[in-house]
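Hi,

Here is the structure I said I'd pass on. Have a look at it first, and my notes follow below.

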Amino acid sequence: MNIKPIVELQNLTKVIGNKKIIDDLSLSLYPGQITGFLGPNGAGKTTTIRMMVGLMKRTSGEILIDGRPLSENFEEGLSKVGVIVENPEMYKFLSGYKNLLHFARMQKNISKERINEVVRQVGLEQRIHEKVSTYSLGMRQRLGLAQALLHRPKFLILDEPTNGLDPAGIREFRQHLRAIAETEGVSVFVSSHMLSEIELMCDRIAVIQNGRLVDIRDMSETAQPHYYFELSPAEKAHYLLLSGGFAPELLPVGLVLQVEKVQIPSIIKLLTANEIEVFAVQPHRKTLEDQFLEMTGGGQIAESYTK
Amino acid sequence: MNALIRKDVYTQKMSTYLITALWFIIFTNFFTEGQPVRHVLLLIFAAYYMAISTSNKAFEKESVLINSLPVTRKQFVLAKYMSGFIWFGLSAAAILVYIFLFDTFAPFPTRMMTIPELLIALGCFYLIISLFYPLQFKAGYILATSLTIALPFLSLMAFRIILNIMENPRMVAEQTFFLQTADLITTNQWTIALSVLLISALLTWLSILLSIRIVHKTDFDHA
């Protein structure tokens, strides 16, 4: 990728006691992308995010924001970052508007017009002058998002933003986030342990397991055509296709191939010419769950949330 | 930095101001006594109470939010100490108005606070918060409050004991000592005020350095 990354994590490591919580994690995040940070509970997502915004000290490694080390330019670096760490803690006895006004005062050049603009963006116009204690969790998340956006960040970090939201709230939050990414052009880094949420929201995923970055891949890879071949004997077909330069994935009663549609007739000819019986060929979409299991070797995730 | 200092004023709960009014009742014995020492103690602890109320049980959660903003930890700590001046100023204003009203309308003797008395109160207030903040940053709000909240009650108790001694005809030696001490304080108010301020400034400076060190090492890992 030729675009300059807005954030770079370089060999980030966090050791607590004798335990390595984050192990040599390197990751680049680019403008205009929504990157999902996926991993099981306890994998190190929140720790990584807290190190990115200075809430936790790193043991070693560096964080570059817009090309400059955060350790040397903390204030300038963080002025380009908006963040929601888990459920945003606002002052419940103040109205949503007063909360935003309060946070606007703590940052430079935020006008009342800008406050009104972010309130509109997150769809809180009707309730913004009511006390936060009367808000639903979804509304508090949207208020947190508004606060994170006040200073027009180039980079937005959301740690488990949909925790505790009902399906309607998750959908609403996702739509707001998409709209903000498109209209504000910010790079978004969103952590979650919910596969379906990441799948619907993100352009790219980074998977972390036991503090190590397991894989990074574009979601467009998921959309590339895969076909399921029901055939017998599958092992023979697998060997044959491997020799033919394909990369088949062997399943118990067939295999999956990433090929273009026009290649299918010639593959069938090759298989039948080698006495392999082909019973069916059908499009196969690799779900994020398939990909996640591939990457983590079967690592657990809170999939129950996605059903 | 200015916004960070004023933050606590903007987010102070109305109930804190109402509860602070209770200190007036306790320290003035239901608005019936107007000895200057009562007003000094009242000022110290009204300011102290308002200052620590901004660092209440939600402090850890608020700290996560504040420290995820473009704010250095040094600024975060300094703002806490600096905002003490705001709480002291507000308390002093309220107490001076109260003394004026008491002096004008109440049938009990009193007088307006002197500048050295205000400075002694300021020094003592900073001595207490110099103890409170490092404790809070290191061990949390509950422990810091538990260890420092006893101070107003201890000082009131000491004051009551001295009053009892002064009324006891069998304790002439002690009465002489306290009268001499009171005389010394009255005649050397400026010396005492400046000494208290100097000691307070030194300890506050050490406390700030200690708090910065503690907060710098802190991982905000709970939201």
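Predicted model: local features only at pLDDT ≥ 70, side-chain atom pairs only at ≥ 80, totals over all residues.

In which loop of chain A is Pro233(A) found? It sits in the loop between β11 (227-232) and α9 (234-243).

Asp66(A) has a positive phi, near 55°, although it is a residue other than glycine. You'll find Asp66(A) in the loop between β4 and β5 (68-69) of chain A. Glu275(A) is another non-glycine residue with a positive phi, this one near 60°, and its place is the loop between α10 (264-273) and β14 (277-283) of chain A. I flag these because most residues other than glycine have a negative phi, and most peptide bonds are trans.

On to the overall layout of chain A. The chain is divided into domain 1 (7-218) and domain 2 (224-284), and the C-alpha centres of these two domains of chain A lie 43 Å apart.

With β2 (residues 19-29) of chain A, β1(A) runs antiparallel, joined by seven bridges; Glu8(A), for instance, has Ser28(A) in β2(A) as its bridge partner. These two strands form a hairpin with two residues between them, and Gly17(A) in the turn has a positive phi of about 65°. β1(A) also pairs with β4 (residues 60-65) of chain A, again in the antiparallel sense, over five bridges. There, Val7(A) stands opposite Ile65(A) in β4(A).

Now the interface. Here 28 residues of chain B are in contact with 24 residues of chain A. About 2400 Å² is buried between the two chains, and carbon and sulfur atoms give 65% of that. On the chain B side, Leu65(B), Leu69(B) and Pro70(B) lose the most area to chain A, together 24% of what that side buries.

What about polar links across the interface? The rule finds zero salt bridges between chain B and chain A, while the count of residue pairs in polar contact is three. In chain B, α1 (2-10), α4 (59-67) and α5 (73-105) each supply at least two residues of the side that touches chain A. The largest share, seven residues, comes from α4(B). By type, the residues on that side of chain B divide into 11 nonpolar, 10 polar and seven charged.

Cheers

Conventions
Residues numbered from 1 in each chain as written. Chains lettered and ligands numbered in written order. Heavy atoms only, no water. Contact = heavy atoms within 4.5 Å. Buried area = accessible area lost by both parts, 1.4 Å probe. Salt bridge = Lys/Arg side-chain N within 4 Å of Asp/Glu carboxyl O. Polar contact = N/O pair within 3.5 Å; in protein donor to acceptor, adjacent residues only side chain to side chain. Helix = DSSP H or I, 4+ residues; strand = E, 2+ residues; numbered from the N terminus. Nonpolar A, V, L, I, M, F, W, Y, C, P; charged D, E, K, R; others polar. Domains from an automatic or database assignment. Pairing = 2+ DSSP bridges.
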